[in-house]
Structure formats: C-alpha cells, structure tokens
Amino acid sequence: MDDAILILDFGSQYTQLIARRLREAGIYCEIFGWRSAKALEFAKKTATKGIILSGGPESVTEAGAPAVPQALWDVKKPVLGICYGMQTLTAHFGGRVERGTTREFGHANITADHGNALFAELPEENFSVWMSHGDHVTQAAEGFAVAATSHNGLVAAVADDARKIYGLQFHPEVTHTAFGGAILQRFALDICGCRATWTPDHIVETAIENARQQIGNKRVILGLSGGVDSSVLAALLDKAVGGNLTCIFVDTGLLRLDEGDKVMRMFASQKGLNVIRVDAAEKFFAALQGVADPEDKRKIIGRCFVEIFEEEAGKIENAAFLAQGTIYPDVIESAGAGSGGKKNDGGAHVIKSHHNVGGLPEEMGLELVEPLRLLFKDEVRKIGEELGLPRDMVYRHPFPGPGLGVRILGEVTAEAADILRRADDIFIEELQTAELYDSVSQAFAVFLPVRSVAVMGDGRAYEPVIALRAVETVDFMTAGWAHLPYDFLDRVSRRITGEVKGVSRVVYDISGKPPATIEWE
Ligand code: XMP
C-alpha cells in the first residue's frame with residue numbers, strides 16, 4: 001500500500017476537498033466516518049503516517065458531541081485538526097472551547113507564528129484564510145502553543161511539536177486560504193513523513209495490478225455507456241485482463257447524435273477489445289409509449305436496460321465478474337451528522353443508490369469488480385488520459401443514465417429524440433468552437449412538447465420548442481446558469497431554427513439550482 005493519510009470525517013461539507021487537495025499533491029488518503037471501526041484498522045497500518053480531523057457541524061460544548069475515539073489517539077500518529085477537528089482535539093486535551101459571540105465566516109486575516117514545525121516554512125506571517133465557525137478555542141490545551149491568531153483576536157491555530165499534534169481554525173483545503181495547500185503538504189510530507197507516490201502512472205499501475213489479482217483468469221463483463229467512468233474502466237480492464245473482458249454497449253435510442261458509432265470507433269482503436277453493440281432503440285420507444293411521468297420513465301428505461309443487458313450477458317460463457325464504474329464519492333463513509341450527509345454508524349460503506357441506467361441487479365450471480373472505487377472523478381480523468389483515451393471523451397460533460405428520456409418532456413418518441421439530438425449537437429458543437437465547452441460544467445438541449453407559432457418563409461408553423469441549458473457547478477448539488485455571451489446564443493438559436501426541421505423557437509434557461517434541477521425532469 002502507498003504511504004497514506006487517514007481523514008476522519010466529522011461531517012464537514014469540505015471533507016472531500018481535503019482528500020482531493022492531498023491527492024492532487026500525490027499523497028494517498030482515505031476518508032472514514034468518525035465512528036467507523038475501519039478507521040482504526042486503517043490508522044494502525046504502518047503505511048498510514050498521520051491523521052487529519054475534518055470540520056463538522058456539531059459543537060464540542062454539547063454533551064455527546066462527536067470525538068476522536070481513544071483507540072485512535074492511542075495509535076500515536078501525527079494529527080492535524082481542522083475547524084471542528086481543532087476544537088475536538090483541544091477539548092480532548094483539556095483546553096477550552098466556547099460558543100462565540102464573534103463568528104467568523106469567509107475571509108479572515110491571521111498572523112502565524114513561524115516558531116512551530118507546521119508554519120516554519122511559510123513565506124509570510126500575515127495572510128488571508130477561509131473561516132467558517134461559531135465556536136472557538138479560548139484556551140489552548142496544555143502542551144499546545146497558540147500558533148496563529150486572527151485579526152479578530154481569536155485563536156486561529158494551535159501546535160504541539162513534541163507530540164506532532166496541530167489544529168487550524170481555518171480551512172486549508174479551501175482555495176481561498178493562502179498557502180492552504182502548502183500547509184497540508186507540510187503536515188503530510190514533512191511532519192508525518194508520508195511519501196507522495198500517488199501519481200497518475202502509479203494509480204494506473206496499482207489499479208491494473210489489483211484488478212488482475214482479483215479477476216485472475218476468469219471472464220469479466222462490463223456495461224459500457226460511453227460515459228467517462230465506464231470508458232476509463234474498459235480501457236483499464238483491457239490492460240489488466242485483455243481478452244477476458246467483454247463489454248456490452250446498449251444503444252437505447254436515447255443517446256446523443258452518433259454516440260453509438262463514436263463509442264465503437266473509439267474502442268475499435270483498442271485492438272482486441274470485445275465490444276458487443278446492441279441496438280435496442282425500438283424496444284425502448286415501445287416501452288415508453290404513452291408514458292409522461294419522469295420517474296415512471298426512469299424506471300422503465302432502467303428496467304429495459306437490465307433486461308437487455310442480462311440477456312446479452314447470459315450469452316457469454318463462464319462470466320464470473322461484473323465490472324462497475326463506481327467512484328470514490330459514491331462510497332465514502334461520511335459522518336455527515338446533522339449536515340444532511342449520509343449517516344453511517346457501523347462502518348459499512350454507504351453505496352449511493354445509482355438512479356442510473358447501468359444499476360444492475362445483484363441476482364446476476366456475478367462478483368463485482370470496481371477498480372475505480374477509490375478514485376475521485378479528476379483522478380479517473382487523469383488515468384483515462386494516461387491510458388490514451390481521447391481528451392474530448394475524458395473531459396466530456398456528464399450525461400444522465402436515462403439519456404434523452406429525461407430531456408424530452410412528457411412522452412418520449414423517436415421523432416422527438418431525433419429533433420433533440422440534432423439541436424443538442426449544434427449547441428455542443430458551437431460551445432466547442434467558441435471554446436466555451438470546458439468553462440461550463442454541463443450543457444444540453446431539452447425538447448419541450450409545447451407548440452409555438454413561427455413564421456417560416458411565407459408560411460405559418462406551429463411546432464415544438466427547444467430549451468438550452470448550461471450550468472456552472474462544482475458538485476452538481478447547487479448550480480448557477482452559465483452567462484453565455486448573447487452573440488453566441490444568437491448563433492446557436494439561428495442554427496437550430498434554420499437547420500433542424502420541426503423547431504419553431506429556442507429559449508435559454510436562466511434558472512439556478514435550487515430551485516430548478518439541472519435536468520428538466
Ligand atoms: P439534477 O437534475 O438532479 O442533476 O440537478 C444533477 C446531476 O445528475 C444528473 N442526473 C442523472 N444522472 N441518472 C443519472 O445517471 C438520472 O436519472 C439523473 N438525473 C439527473 C444530471 O445530468 C446532473 O449531472
């Protein structure tokens with residue numbers, strides 16, 4: 001195992017950011033909920049060099065507040081507490097934490113004392129940090145020095161070089177904190193002595209090796225959707241087990257323009273990769289006939305997909321494994337107490353219920369292989385590039401499992417899907433030409449079954465409307481509409497009404513999430 005840092009999660013909205021900052025710096029880490037039994041197991045490994053305590057929504061001033069289990073302290077590895085993490089370690093060692101009258105949210109200026117190992121190498125003493133707290137430490141615990149003070153007069157950091165235990169009231173994982181990355185690296189690399197081995201080529205090597213060990217000489221089936229995760233998975237497993245991998249690509253008729261052909265072409269270049277393409281559009285449209293409710297549509301699409309996949313998979317002899325593109329955010333154990341996160345007391349991994357086409361049933365009797373389960377999306381992309389997949393595939397916007405089925409409002413028909421596909425393709429092509437594609441997180445067209453009047457030539461048309469949606473978001477939980485330039489929108493609108501027969505009008509969606517979800521259904 002690589003040298004690693006354990007992140008103990010107290011439910012902060014920033015916990016995953018801590019992990020991503022470390023991983024970006026080549027430092028392997030894993031996140032465990034503060035109650036998780038697996039945290040102790042992980043902490044005891046010799047490769048685990050230190051522990052970071054995340055922030056959290058609770059107050060240590062309340063009875064029964066979350067705390068680091070004594071057994072974890074007994075492991076005696078270096079500790080860095082962030083925000084709630086600093087408060088809980090201060091309380092543990094007998095310092096004082098109080099409900100503050102001064103709350104600090106957003107930017108704050110601090111002065112840091114360079115006389116301790118954590119801050120010794122910082123280029124400046126006064127710098128700006130990101131705060132988000134109500135409680136604060138009013139007295140450092142015995143053995144700890146106050147290592148930084150905010151300009152509001154509050155303790156901003158504590159340090160005990162002898163025991164290698166540190167606390168930060170601010171959030172080094174947030175990019176608004178000056179030197180935040182440097183502080184995290186100083187802790188992990190210098191104080192903990194963790195080696196930065198987590199690089200894309202090494203990630204690929206490790207994933208291939210692990211998959212090879214798990215799968216051996218047996219046969220694996222993979223549902224290839226054309227999305228980033230399943231494509232990277234296919235390329236990775238191809239390297240790991242070669243001819244023992246069979247990919248099944250189901251064309252639902254609800255994919256983007258020429259998507260099936262593009263996927264087949266992309267993998268045609270990977271010599272020897274077995275991809276079975278199933279053209280199932282007719283079956284999907286038949287099943288969706290007369291159905292307008294979005295959730296019913298999702299269920300039907302999901303069910304059809306499973307039936308077709310199972311049928312194809314059944315033809316493959318001696319299949320033992322089913323590969324899934326599960327990634328780390330789906331499996332992270334989150335303390336999440338009070339923060340709306342996934343609550344997990346027992347230590348078993350919480351698996352997000354994939355409301356996805358591709359959510360395959362357990363009774364297929366195949367063992368799961370999930371080589372991406374410890375990777376963040378940006379890491380999946382990096383290894384996709386490392387494995388030689390084209391950049392435009394690796395950086396593609398997300399596409400929902402039910403595909404155009406939830407972008408055609410109301411009943412889904414083959415005609416509507418054709419119109420939508422062409423309008424969507426124009427929008428995406430123009431975004432790429434204008435070099436705006438990478439600056440938005442997700443962009444697509446939506447087919448509105450309302451009809452609107454248009455004058456076309458000398459005639460009157462009464463036809464459906466296309467809505468364009470483009471959003472900017474970090475986590476897809478909240479999103480803002482992208483402020484695309486007017487002349488750009490003008491060009492897209494003219495092209496769609498001019499080139500796609502059956503569209504009378506184009507509108508641009510200017511709704512944020514919340515309240516409007518990213519997809520229209
Ligand atoms: P919403 O519409 O919930 O979308 O704001 C958030 C993100 O999730 C995607 N999405 C889905 N993905 N199956 C999927 O695999 C679905 O049923 C589904 N619904 C929404 C959406 O495209 C966006 O990226």
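Let's start with Pro400, which sits in the loop between helix H13 (391-394) and H14. Helices here are DSSP runs of H or I with at least four residues, strands are runs of E with at least two, and both are numbered from the N terminus. This is a predicted model, where local features need pLDDT of at least 70, side-chain atom pairs count only at pLDDT 80 or more, and totals for chains, interfaces and linings use all residues. Residues are numbered from 1 along each chain as its sequence is written, and side-chain values use heavy atoms, with hydrogens and water left out.

Is Pro400 buried or exposed? Its relative accessibility is 15%, so Pro400 counts as buried. The cut-offs are under 20% relative accessible area for buried and over 50% for exposed, with partly exposed in between (1.4 Å probe, protein chains only). Leaving aside residues up to four places away in sequence, Pro400 touches Val406, Arg407, Gln442 and Glu519; a contact means heavy atoms within 4.5 Å. Ile51 is 349 residues from Pro400 along the chain, and their C-alpha atoms are separated by 36 Å.

## Two sides of helix H9

Now hop over to helix H9 (residues 281-288), where Phe284, Phe285 and Leu288 are buried. They cover an arc of only 95 degrees around the axis, which puts them on the same side of H9. That arc is the one made by the directions from the helix axis to the C-beta atoms. As background, an α-helix has 3.6 residues a turn, so residues three or four places apart point the same way.

After H9 comes Gly290, with a positive phi near 80 degrees.

## The whole protein

Zooming out, there are 15 helices and 18 strands in the protein. Its radius of gyration is 26 Å, close to the 24 Å that the globule rule gives for 521 residues, so the protein is as compact as a globular protein of that length. That radius is taken over C-alpha atoms, and the rule is 2.2 Å times the number of residues to the power 0.38. Along the principal axes, the C-alpha trace spans about 80 × 60 × 40 Å.

Of the 521 residues, 54% count as buried. Looking at contacts with a separation of 6 or more, 75% are between residues 24 or more positions apart.
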